[in-house]
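Trainee: I am new to this structure. Please take me through the labels and show how each one is reached.
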Amino acid sequence: MIGTKLKALRQQNHLSQEKLAEELGVSRNTVSKWESDICDPDIGNLKALCEYFHCDVAYFLDQPQGDAAVRGDTDGSSAEKQPQTGGFSAHWMEILLFVEIVFFLGLYILSWVVPSKEWVTRYTGPDANTVDSMTGTEQGTEQESGDSQEWEGYVQSYVTAKGFFPFMTTYHLWPVAAIVGADAVFNVVMIVRKRHRICN
């Protein structure tokens, strides 16, 4: 832990928390929080600590090259390693949001490729016109055999359709889309808050 190593370095160099805080330009309470592992020093303060104690960043980050480091034990020629902040663990929200956007884009493209169905109700009574007055579709619309219901002069049948809404309704994908959409909104909010914390 950074706190344990920092406290050991401070005591080995016979420094009080107040003296170390004064050297780094921070408050004594900040140094106390670092040593108690309540919070970790940011990259600027971590670099300042390494310069003051003449040690490598790897010493605080449990990396192999930094085990030796008490003030004066290493020379200034050792290369300083920066803490690793990349990778999936640091950007999982951005990656998940990208996957969700691709998911919705894929659904939209698929809706214009995969045939879907929607119910259309037509009036077939004695006064029916060539063009159905209720739906605005021609009576001769191609229907799939066996997928129709007739009652009191009306026929309800399936017709093939293309588009996002018929596709989502036909394959009952609205619950999945709602869950993915809600998670995407949550990820956007968390990313914005994360960026705001970094800026401040």
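This is a predicted model: local features need pLDDT of at least 70, side-chain atom pairs count only at pLDDT 80 or more; totals for chains, interfaces and linings use all residues.
Mentor: Residues are numbered from 1 along each chain as its sequence is written, and side-chain values use heavy atoms, with hydrogens and water left out.

Trainee: What makes Cys-50 and Cys-55 count as buried?

Mentor: Buried means under 20% relative accessible area, exposed over 50%, and partly exposed in between (1.4 Å probe, protein chains only). Cys-50 has 2% relative accessibility and therefore counts as buried. Cys-55, at 8%, counts as buried too.

Trainee: Why is His-14 called exposed?

Mentor: Its relative accessibility is 74%, so His-14 counts as exposed. His-14 sits in the loop between α1 (2–12) and α2 (17–24); helices (H or I, at least four residues) and strands (E, at least two) are DSSP runs, numbered from the N terminus. The phi of His-14 is positive, near 55 degrees, and the residue is not glycine.

Trainee: What makes Asp-37 partly exposed?

Mentor: Asp-37 has a relative accessible area of 26%, so the label is partly exposed. The loop between α3 (28–35) and α4 (43–53) holds Asp-37. Its phi is positive as well, about 60 degrees, although Asp-37 is not a glycine.

Trainee: How do you know that Ser-116 is buried?

Mentor: Ser-116 has 1% relative accessibility and therefore counts as buried. Ser-116 belongs to strand β1 (residues 116–123). Beyond its neighbours within four places in sequence, Ser-116 has contacts that include Val-159, Pro-166, Phe-167 and Tyr-171, where contact means heavy atoms within 4.5 Å. A polar atom of the Ser-116 side chain lies 2.7 Å from the backbone oxygen of Ala-161.

Trainee: Why does Glu-100 count as buried?

Mentor: The relative accessibility of Glu-100 is 6%, so this residue counts as buried. Glu-100 is part of helix α6 (residues 92–111). Not counting residues up to four places away in sequence, Glu-100 touches Val-180, Asp-183, Ala-184 and Asn-187.

Note on methods
A polar contact is a pair of N or O atoms within 3.5 Å; within protein, one must be able to donate a hydrogen and the other to accept it, and residues adjacent in sequence count only if both atoms are side-chain atoms.
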